[in-house]
Every structure is written in structure tokens, then in C-alpha cells.
Amino acid sequence: MTATYIVKTAIISCLRTPLRSGKAFLLQARCLGHAKHLHTSAKRQKSAHVDLTSERYPKLQRGPFATLTDADVTSFERIVSGRVITEPSELDGYNTDWLRTVRGSSKLLLRPKTTEEVAAILSYCHDRGLAVVPQGGNTGLVGGSVPVFDEVIISTHLMNNIISLDEVSGTLVCQAGCVLATLDDHVGQCGLTMPLDLGAKGSCHIGGNLATNAGGVRLLRYGSLHGSVLGIEAVLPSGEVLDCMSTLRKDNTGYDLKQMFIGSEGTLGIITAASILCPQRPSAVSVALLGCKTFQGVLDIFKQTKRQLGEILTAFEFMDTASMELIGENLRLSNPIGASPFYVLIETGGSNQAHDEEKLSGLLEGLMEKGMAADGTLATEMTKIQAIWSLRERLAEALLHDGYCYKYDVSLPLSAFYQLVIDMRQRLEGAATRVVGYGHVGDGNLHLNVTSPEYSQRTMDLIEPFIYDWVAKQKGSISAEHGLGFKKRDFIYHSKSTSAVTLMKQIKNLVDPKGIMNPYKLLPSK
């Protein structure tokens, strides 16, 4: 290796996040950022007022749904005795999203434990015409998991049983309320891993992951949930249980109905259980952080990385200099390499540490010799790997320290990927604290974030619909992995044709003719 390339793993340990060694801690630590984020958010919710969604959007009209009565509450007590919440102080966190951007006014939270209880609840709501909103970990970013008005909240928090795990096939069967990190820990004991990895893994529920078709940093390696989910059990709005719980990798008999619920955002029914194919957990993991001068340089490194690392490449992430400045200023985390306009995070996972480290080291040395990377560091120890990942995964937490965060999650052709950040910075000059760009280069997913001390309608008007028009002109998607929820539903035509949206509405009307399932979400108001 040349003198130009210096492995700086020792520097990583100076990050201010307390670190310990061991594989078990890697999982715990990668959940830490989001857990702290939620804690910070909870404190802010208590100290800061969040406008009701119905007040912030005064033109929004409540649907023709029934109003909750004392008799309804009594009936629900018979179904889920002792798990009916009506206390306003307890409901506040369930009514408000953790970004503090939307807030409903639900008077009732139900916490079922079984599919049968969910079916009984929905059957009753269907007969009464009561609107409902399913809620998992409430980590969504588009207002999809909280009420808009007074919908009944159905939480999957207590539906957290791991039903079975076939170690040979790698098939996991579990209830929808299982936390992603808990599942990853469970399958990890058998040498397997969950096929998705999110910054919110310490609190998000697998049912919510499926309902939003969550992506995350492992999509480059394992693909989307449409390929990993083998079966789904869901309760339809009428209360009927739809059993599509196959554990087979091949089942070519009729329509693949489970796919309809992946990404449906709770508008067609409530997912209560799933069977998921879990790949082998890599026994050797290495991470590299590189600095480069241009975004074209990021793309050049990506191309070379795919060519040289091939089958062991797990993740390829990028951050701009504004991201690194943000994490340093707001969380006091240290950058282990020299300052650069752009940063690349590469993770590999395989079965032979020496072999994989040699391949990654060879890649880094070549990049440095060709001048494609200005500086870099390589980590193979778990604590140091986590330290590097913290720089990327705790960005969402750092953003909230600025005050209010306008979050956008788009898919774009790589040729136009970073230009959106540049154009947005120019457009928002003087109207925002900062504009930050980072994301999953490996699957074309940009996370663009704008912050300001508090919510500003002027700033919002400068962002929307400009950002959606910009993405549409590039033939991108206005939602790469967060979903449409409440906030983006009226912009669906920027990514989907009129005929496609019409068919979606027809499916919705067929499955949910009374429209009680998560109303005001996903489908446009007009």
C-alpha cells in the first residue's frame, strides 16, 4: 500500500460516542442513534406546541365517518379488555409524528395482541363507520401513521411474537409488531440477518416496514421487500382475515396478493403477520470512509467499487460536506478523515475476513493512487465500524437540533442526483438554516433535508411544489422509501400516470368501500 493511503482506524476511536467491543454491541449501538432521537423528540413534543393537522390545513375536510361514543369505547373494552387508552396525556405521543409536523386528535387507542382481536376491532369499526389508522413504531416521515382528524388508532405494539424460524431455509415467521432490531438479533443467533437495515431499527415495527416498503442501507445487497417477503397475513377493513402466509420461495398459483399490501401504507388493511426470507449473516464485515472532491468522483468510485468488490458489497452511501458539518456541530461527532466536499461510506460483508479486507484495501489503494479519493480510513473492528456508521445513521437526529426539518426522499437518475441539492440551496438562500444531502447512491435514493428554527410557510412554499416538479422532469420518484402518507399524497401524479392512480383508487374502493382504512393517506384528495 502506498504512503499516500493511510489507514486511520485508530482515529475512529476518538469519536465522542461511548463504544464497546463485541458483535452484540454492534446491533445495540446501531439502534442507539434512533433511540436517542426518539427520546429527544419526545422531550420536544412535551415542550413545543404542534398545530393540529386540521388547523394547519384548514381546507381539509373530515370524511363522512361516525364519531366515537361511550358505547363504542365499552364495546372495544369487551374485545381488548384493559388495552383501551382514552387518557389524553397518553394519547398525545400517538397522535403526533416524531418529526412534530402533523398531529391528530384521536380520542382512542387500541392495543390488540392477536389477529382475531384486530379482526373483531375492524369488523366493529366497519359496521359503525369509524375510521381507523394502523400504527407501528410511529417512525414514519410523511404523516402516514398518525390520525389526521379523530381516527381510532390501532397499535401493533403488543403483537410482538416471533412465531418460528427455519434455520435451513432461513424463513422467519413473526407478528407485525416485532421490532426490526429484535428480529435481527433473533435470527442472528442462527447465523442469519434481516434483509433490511434502517436507522430506526431500534423502534420501527416489521409490519410498518412492510406497509411502507421500507428500503434502507442493505437494499443494494438484498433487494426490496417485494422479493424478501414470502407471505403475509392481513385483516381487511371488513374484519375478514386474508391468509397469504406461504413460507415457500416458489408459489405460482394465481395473483400474488401479498404484494398489494407491501407499500399500501395501511390503506387496504392491517398486516398482522409475515414470513420473511433471511439471508446468511456475513461473518466478516469491513467499512471504509473516503473523501472526494466532486460528486462525479463519488459516481466514479461507485463504478469502480462495484467492479472490484462485486458479491461482497453491502452498502454504498454518500454524505456531502454540509452533512459532516451538521453531525459535528449538533452531535459533536468527529470526522476521522480530512475535510472534503463529499464523503463515501462503503461496507462489505462476506465469509472470509482476510480475503474481504484484501479486496477492500486493494480498492482503496487504487483509488488513492489514481487521485479518485483524497483521504480515507478502513475499519474492521466492530466498535470502529459502528463509529463510522454513526456519522451516517445519526444525521436524522442531528437535523432536529436545528429546529424544524423539511424531509424529502426521492429517487433520481445518478446523472442528476446531486444537482437537486445545489438548486435547492440556491433557491432557499436566506430562507433556511441549511440544506443537506445524503443517501443511498447504490439504489439512486437521495435524502434531501432542509432545516429552519421553526416551521415557516414561506420556506415550505419555496420547497413545494418546486422539488416535485424538479424530480418529475428528471423522471424520478417523489418517494423512494418513505411512502406518500398524508404529506405527499397530492403529488402522486408527479410519479404515477393517471391510469395507474385510477386503478389504485378502484382497488381501494373494492377492498375498502367505506374508506375507513387510514383515510387521507397515499391516494390524492382530488
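The model is a predicted one. The chain holds 20 helices and 16 strands. Its radius of gyration is 23 Å, close to the 24 Å that the globule rule gives for 526 residues, so the chain is as compact as a globular protein of that length.

**Overall build**

- Of the 526 residues in the chain, 57% count as buried.
- The accessible surface of the chain comes to about 21200 Å², and carbon and sulfur atoms account for 52% of that surface.
- If you take the contacts between residues at least 6 apart in sequence, 76% of them join residues at least 24 apart.

**The seven-stranded sheet**

- Seven strands form an open sheet in the order E13-E10-E12-E11-E15-E16-E14, and their pairing is antiparallel.
- At the edges sit strand E13 (375–379) and strand E14 (404–411), each of which pairs on one side only.
- From one strand to the next, the twist averages 15 degrees.
- Within this order, E11 stands next to E15; strand E11 (residues 313–320) and strand E15 (residues 434–440) run antiparallel and are joined by three bridges.
- Phenylalanine 318 has glycine 439, in E15, as its bridge partner.

**Threonine 86, in a loop**

- You will find threonine 86 in the loop between strand E1 (84–85) and helix H5 (88–95).
- Threonine 86 counts as partly exposed because its relative accessibility is 41%, which lies between the 20% and 50% cut-offs.
- Setting aside neighbours within four places in sequence, threonine 86 is in contact with Val73, Leu91, Lys107 and Leu108.
- Serine 106 is 20 residues away from threonine 86 in sequence, and the two are 8.9 Å apart in space, C-alpha to C-alpha.

**Glutamate 117, in a helix**

- Glutamate 117 belongs to helix H6 (residues 115–128).
- With a relative accessibility of 15%, under the 20% cut-off, glutamate 117 therefore counts as buried.
- The side chain of glutamate 117 makes a polar contact with the side chain of arginine 83, at 2.8 Å.

Technical notes. Residues numbered from 1 in each chain as written. Predicted model: local features only at pLDDT ≥ 70, side-chain atom pairs only at ≥ 80, totals over all residues. Heavy atoms only, no water. Pairing = 2+ DSSP bridges. Helix = DSSP H or I, 4+ residues; strand = E, 2+ residues; numbered from the N terminus. Axes fitted to C-alpha atoms, helices over the stretch in contact; angles between N-to-C directions. Buried < 20%, exposed > 50% of the residue type's maximum accessible area, 1.4 Å probe, protein only. Contact = heavy atoms within 4.5 Å. Polar contact = N/O pair within 3.5 Å; in protein donor to acceptor, adjacent residues only side chain to side chain. Rg over C-alpha atoms; globule rule 2.2 N^0.38 Å. Areas by Shrake-Rupley, 256 points an atom, 1.4 Å probe, with all protein chains shown as cover.
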